Amino acid sequence: MRYISTRGGIEPLAFQDAVMMGLARDGGLLLPQTLPTVGNQVVQRWQQLHYQALAREVLSLFIDDIPETDLEDLIDRSYASFAHPQVTPITQQGDLYILELFHGPTLAFKDVALQLLGNLFEYVLARRGGFMNILGATSGDTGSAAIAGVRGKANINIFILHPHGRTSPVQALQMTTVLDPNVFNIAVRGTFDDAQGIVKAIFNDLDFRDQYQLGAINSINWARVLAQVVYYVFAYCKLSRLGMKSVDFSVPTGNFGDIFAGYIARRLLPPGCIHRLILATNANDILTRFVTSGDYSCSQVQATFSPSMDIQVASNFERYLYYFLNEDGAAVRRSMESFVASGRLDLTADRQRIGQDFSSRSVSEEETIATIRDFYSEHHYLLDPHTAVGVKAGLELRDPGRPVVCLATAHPAKFGEAVSLAIGNEPPLPPALAELQKRESRCVILDAQQDTIKEYVAANALH
Ligand SMILES: Cc1ncc(COP(=O)(O)O)c(C=O)c1O
Ligand SMILES: N[C@@H](CCOP(=O)(O)O)C(=O)O
């Protein structure tokens, strides 16, 4: 399997090179040259597998430059840190299925990919030699999961930008209380979009990128998306084993990474297995406007109870656009350049095609809190506010008779304030979070300026 850029400007790459490159050097995003598909017989075999074994099968369809036994070892070590034996278990609550993705070390779905990515970086560096400086942006969860994936690893430094004061207090502490010498937290005076824009701009400075051997942990890195494909397939296999042959997934969405993994899973499995992807947004509804009207236009970002989804410019949208524009790299480049210039893409004429892949709903702040409250009183099951956005959209947009799997993307204890508003008290903190407030923390606060961030990275980078 080789990897190409959405903008058509690079020679095809092997998987390990794609992982190390992160953002394609022509400014696009990396994708497999062809998308693998499997038939019903394979699905029947996969229905019998536990998570790690299924991960091996799915990943091997996309990776051919890591020997099988090494891949197996990487996967086993990555998921040994999960608290649940099934890694991503499904529970049934009423007539919804909840896919719990928060049993990893930092209690959010990001651990599923970032435990693996940290081990992949270490694996490649051990074989090729050298060092890397990871540069990433987070609205809250990617940062702590990435730090947990690489803290203390040799020849890797990690620089994580988060929007100052805009994550939940627990999310900030999960990052800033990690004092390993290879970890650098930067709170930027700005929004997540500012931080993500700076990270991408720095990656596009190829001299700086090469000098410091920058590595990406955001979902611009294909390995992030790939690892997330596995849990869609896992969930589908579990439900289809119980006789459910066609299911929908409802996905709380910000950067379009998680739902794009669902899109790849949908194309991997036989037609109809994943019927539709329900794209759930909070008040930052650019993606809902895109799905419902074809209008992809930026507006001002708003702070919400689901802060990790307070995003306007969704990184992985470009990957979907690549398929939407019939894999025409030049057309993607033109569209993205026009989007950067005008803040808008007009796909209103193609609205119906978009509707074949996704349905979408934006969920208000009041609805988010009411969903946490109602779900708790009906099922005694506590949703975090991001999951609540997905559950509300799933309940509203489901088809009669078709099962809906809602992705539970974070543990509710990470967002105590929203939960407390909904049910009157904060959830008990799991052991991983209980001690955080007492710990020493370390973080610099910097302006959201590319040069300021570059200077800080250069002063602290491995070289
Ligand atoms: C808890 C939580 N839910 C949902 C999302 C949205 O996921 P994505 O950005 O992949 O769309 C995020 C952030 O990415 C998150 O941290
Ligand atoms: N919600 C994310 C934003 C970054 O998204 P990513 O999936 O591209 O890393 C976060 O928690 O940081």
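Strand β4 (residues 96-100) runs parallel to strand β14 (residues 404-408), and five bridges join them. Strands count as paired if DSSP finds at least two bridges between them. Helices (H or I, at least four residues) and strands (E, at least two) are DSSP runs, numbered from the N terminus. Leu 99 has Leu 407 in β14 opposite it. This is a predicted model: local features need pLDDT of at least 70, side-chain atom pairs count only at pLDDT 80 or more, and totals for chains, interfaces and linings use all residues. Residues are numbered from 1 along each chain as its sequence is written, while chains are lettered from A and ligands numbered from 1 in the order in which they are written.

Both strands belong to an open sheet of six strands with mixed pairing, in the order β3-β4-β14-β9-β10-β13. The edges are β3 (90-93) and β13 (358-362); each has a single partner strand, so one side of each lacks a neighbour in the sheet. From one strand to the next the twist averages 25 degrees. Helix α12 (residues 286-293) packs on the sheet, touching β10 (274-281) and β13, and its direction makes about 135 degrees with that of β13. Axes are lines fitted to C-alpha atoms, for helices over the stretch in contact, and angles run from 0 to 180 degrees between N-to-C directions. Contact between two residues requires their C-beta atoms, placed from the backbone, to lie within 7 Å.

## Strand β10

Five bridges pair β10 with strand β9 (residues 247-252) in the parallel sense. Leu 277 in β10 stands opposite Phe 249. Seven of the eight residues of β10 are buried, so the strand is largely enclosed by the rest of the structure. A residue is buried if 20 or more other C-beta atoms lie within 10 Å of its own, exposed if 12 or fewer, and partly exposed in between, with C-beta atoms placed from the backbone.

## Lys 110

UniProt, in an unreviewed entry, places the feature "modified residue: N6-(pyridoxal phosphate)lysine" at Lys 110. UniProt positions are given in the numbering used here, feature names are shortened, and annotations may be inferred rather than shown by experiment. Lys 110 lies in helix α5 (residues 110-128) and counts as buried, with 34 C-beta neighbours inside 10 Å. Leaving out residues up to four places away in sequence, Lys 110 touches Asp 141, Thr 142 and Ala 145.

## Ligand shells

Around ligand 1 there are 17 residues, of which Asp 141, Asn 255, Gly 257, Ser 308 and Thr 409 come nearest. A residue is near a molecule or strand if its C-beta atom, placed from the backbone, lies within 6 Å of it. Helix α11 (residues 257-268) gives the most to this shell, with three residues. The shell around ligand 1 has six nonpolar, nine polar and two charged residues. Ala, Val, Leu, Ile, Met, Phe, Trp, Tyr, Cys and Pro count as nonpolar, Asp, Glu, Lys and Arg as charged, and the others, Gly among them, as polar.

Ligand 2 is surrounded by 13 residues, the closest being Thr 138, Asp 141, Thr 142, Asn 218 and Ser 219. Helix α6 (residues 141-150) gives the most to the shell around ligand 2, with three residues. By class, this shell has no nonpolar, twelve polar and one charged residues.

## Helix α13

Helix α13 (residues 317-324) is largely enclosed by the rest of the structure, because six of its eight residues are buried. Cover for the buried residues of α13 includes β2 (30-32), α11 and α14 (329-342). Just after α13, Asn 326 takes a positive phi of about 55 degrees.
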